[in-house]
Amino acid sequence: MTDTTPRPRFRLFVDAPLSAGIAVALSRDQTHYLASVMRAEVGEMALLFNGRDGEWLARVAALAKAGAALVPERQTRPQAAEPDLWLLAAPLKKDRTDLVVEKAAELGVSRLWPVFTRRTNAGRVNAERLRAHLVEAAEQCERLTIAELAEPAPLDKVLASWPAGRLLLFLDEGGGGPPLAQVLNGLAPGPLALLVGPEGGFDAEERRMIAARPFARAVGLGPRILRAETAAIAALAVVQALAGDWGLGPRACG
Ligand code: SAH
């Protein structure tokens, strides 16, 4: 977008294909947001993205309680490759999980995978709510994709069907591994995953079970025990800075 174009007040994720002149219908929630919450008007501009066709400037062509239609006029950004970075995280208490999910989306995680470990207290995961957080965070942070939400699963099952070629860095609060930054600096490019434990941490046997996998490496985040959500957010920042799309390192997880 040129500097003279005022920034649209809305940036929305849609499923529909995006191309010039082909109207896109908004969902009921999006219509409500535009019409009733933001009091948008016909003729106002919005940004749309769908994870495939880049980002588009679109004009509100119709807006009623029953539905809204936006017509894409021009592409503002092409779709671009993003780091291939998974976050496996044990579900926490609701607010803390919400925080991790939102920050994971902002920090460019490509797949978020809730995993149940032995000491995980949360019994179930509200996938709909988590997905809504992923969409909202992507809309807000100008991402061009929505992180995939993988089916929540027990950790041992996840490890048993681990895809070839993806390194799993497990955040080991027990001091079992070298510093995360050191490990990242020595890595060849390739897909990555981070694993963070629950509030209660990993138990000793679980830690051994993970470390024994050929694709897993324990890493540390310094001398203090961090809350799980702090550990997840801090580790993602380190990965993006040294090996991801913050652009400081020689290596890119992709
Ligand atoms: N209650 C546990 C701490 C769990 S911290 C205990 O007292 O041992 C929650 C999770 O955050 C851990 O399972 C680990 O994945 C991560 N974590 C916290 N601090 C860390 C550190 N210093 N290094 C690596 N991982 C850490």
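This is a predicted model: local features need pLDDT of at least 70, side-chain atom pairs count only at pLDDT 80 or more; totals for chains, interfaces and linings use all residues.

The largest pocket has a volume of about 600 Å³, and the second largest pocket holds about 360 Å³ of space.

**The largest pocket**
- Its lining is made up of 21 residues, and Phe 13, Ser 27, Gln 30, Val 135 and Glu 139 are the closest to the centre.
- Helix α3 gives the most to this lining, with 7 residues.
- At least two lining residues come from each of β1 (11-13), β2 (24-25), α1 (28-37) and α3 (127-141).
- Domain 1 (11-77) and domain 2 (85-243) each provide at least three residues of the lining of the largest pocket.
- Sorted by class, the lining of the largest pocket has 10 nonpolar, 8 charged and 3 polar residues.

**The second largest pocket**
- Here 24 residues form the lining, and Asp 172, Glu 173, Ile 225, Leu 226 and Ala 231 lie nearest the centre.
- Helix α7 (residues 228-243) gives the most to the lining of the second largest pocket, with 3 residues.
- The classes in the lining of the second largest pocket are 11 nonpolar, 7 polar and 6 charged residues.

**Ala 188**
- You will find Ala 188 in the loop between α5 (180-185) and β11 (192-196).
- Ala 188 counts as exposed because its relative accessibility is 55%, and the cut-off for exposed is over 50%.
- From C-alpha to C-alpha, Ala 188 and Thr 31 are 46 Å apart in space, and they are 157 residues apart in sequence.

Key: Residues are numbered from 1 along each chain as its sequence is written. Side-chain values use heavy atoms; hydrogens and water are left out. Helices (H or I, at least four residues) and strands (E, at least two) are DSSP runs, numbered from the N terminus. Buried means under 20% relative accessible area, exposed over 50%, partly exposed in between (1.4 Å probe, protein chains only). On a 1 Å grid over the protein atoms alone, a cavity is a set of points where a 1.4 Å probe fits but cannot get out, and a pocket is an open set with protein on both sides within 12 Å along at least five of seven lines; lining residues have an atom within 4 Å of a point. Grid points are joined across faces, edges and corners, and a volume is the space filled by probe spheres set on the points. Ala, Val, Leu, Ile, Met, Phe, Trp, Tyr, Cys and Pro count as nonpolar, Asp, Glu, Lys and Arg as charged, and the others, Gly among them, as polar. Domain bounds come from an automatic or database domain assignment.
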